[in-house]
Amino acid sequence: MAVAQTKAAAFIQERTEEISSHQIISLLMDGALERIGQALQAHLKNNQADLEILTNKLIAIINGLRNSLNMNAGEIALNLDALYEYMVEKITGASQDELPAALVEVRGLIGEIKTGWDQMDFSALPSVAEASAE
């Protein structure tokens, strides 16, 4: 089975000009949550090839979230950086038997971050297209 693009990635690709950087981060988190669900399914089906691809894609998304942090923004960015690093280490350090629990833990952490992120009011921020035109 080929691993398909996440719904969030497809949305970003289709609407790059219309969405804000805040929305992109939220969609990346959606993509991470989708990849976790797919990885758990691959584990249940004992599909090691897809599981490896999916966990690598999940790690790439988490690293993308980590790289998007403005480290000059203060303590929140530093804490998120450490949390994202923890997530990657949790996934990469898990044995085959420990991986589902690690994925469930990471899903909970990303879910909490996403809930907070989505409650923030970034409506005054420009879209990606407007920001890059400046």
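Select Thr55, Leu58, Ile59, Ile62, Asn63, Leu65 and Arg66 in α3, then Asp81, Tyr84, Glu85, Met87, Val88, Ile91 and Thr92 in α4: these two sets meet, contact being heavy atoms within 4.5 Å. The model is predicted, so local features need pLDDT of at least 70 and side-chain atom pairs count only at pLDDT 80 or more, while totals for chains, interfaces and linings use all residues. Residues are numbered from 1 along each chain as its sequence is written, and side-chain values use heavy atoms, with hydrogens and water left out.

**The whole chain**

Helices (H or I, at least four residues) and strands (E, at least two) are DSSP runs, numbered from the N terminus. Of the 134 residues, 33% are buried; buried means under 20% relative accessible area, exposed over 50%, and partly exposed in between, with a 1.4 Å probe and protein chains only. Among contacts between residues at least 6 apart in sequence, 64% join residues at least 24 apart. The accessible surface is about 7900 Å², and carbon and sulfur atoms hold 53% of that surface. These areas come from the Shrake-Rupley method with a 1.4 Å probe; for residues, only the protein chains shown count as cover.

**Helices α1 and α2**

Select α1, residues 7–14, together with α2. Their axes come within 7 Å and cross at roughly 150°. Axes here are lines fitted to C-alpha atoms, for helices over the stretch in contact, with angles from 0 to 180 degrees between N-to-C directions. The two helices are therefore roughly antiparallel, a term for angles over 145 degrees. Lys7, Ala8, Phe11 and Ile12 of α1 make the contact with Ile24, Leu27, Asp30, Gly31 and Glu34 of α2.

Pick phenylalanine 11, which is in α1. It counts as partly exposed, at 29% relative accessibility. Leaving aside neighbours within four places in sequence, phenylalanine 11 is in contact with Ile19 and Leu27. Its C-alpha atom is 8.2 Å from that of leucine 27, which is 16 residues away along the chain.

Move to asparagine 46, in the loop between α2 and α3. Most residues other than glycine have a negative phi. Asparagine 46 is not a glycine, yet its phi is positive, about 55°. With a relative accessible area of 56%, asparagine 46 is exposed.

Select aspartate 50 in α3, residues 48–67. Aspartate 50 is buried, with a relative accessible area of 4%.

Return to the opening pair. The axes of α3 and α4 come within 9 Å and cross at roughly 170°. That makes α3 roughly antiparallel to α4.

End at aspartate 81, in α4, residues 75–92. Is aspartate 81 buried or exposed? At 18% relative accessibility, aspartate 81 counts as buried. Beyond its neighbours within four places in sequence, aspartate 81 is in contact with Arg66, Leu69 and Met71.

Key:
Angles under 35 degrees count as roughly parallel, over 145 as roughly antiparallel, 65 to 115 as roughly perpendicular and the rest as oblique.
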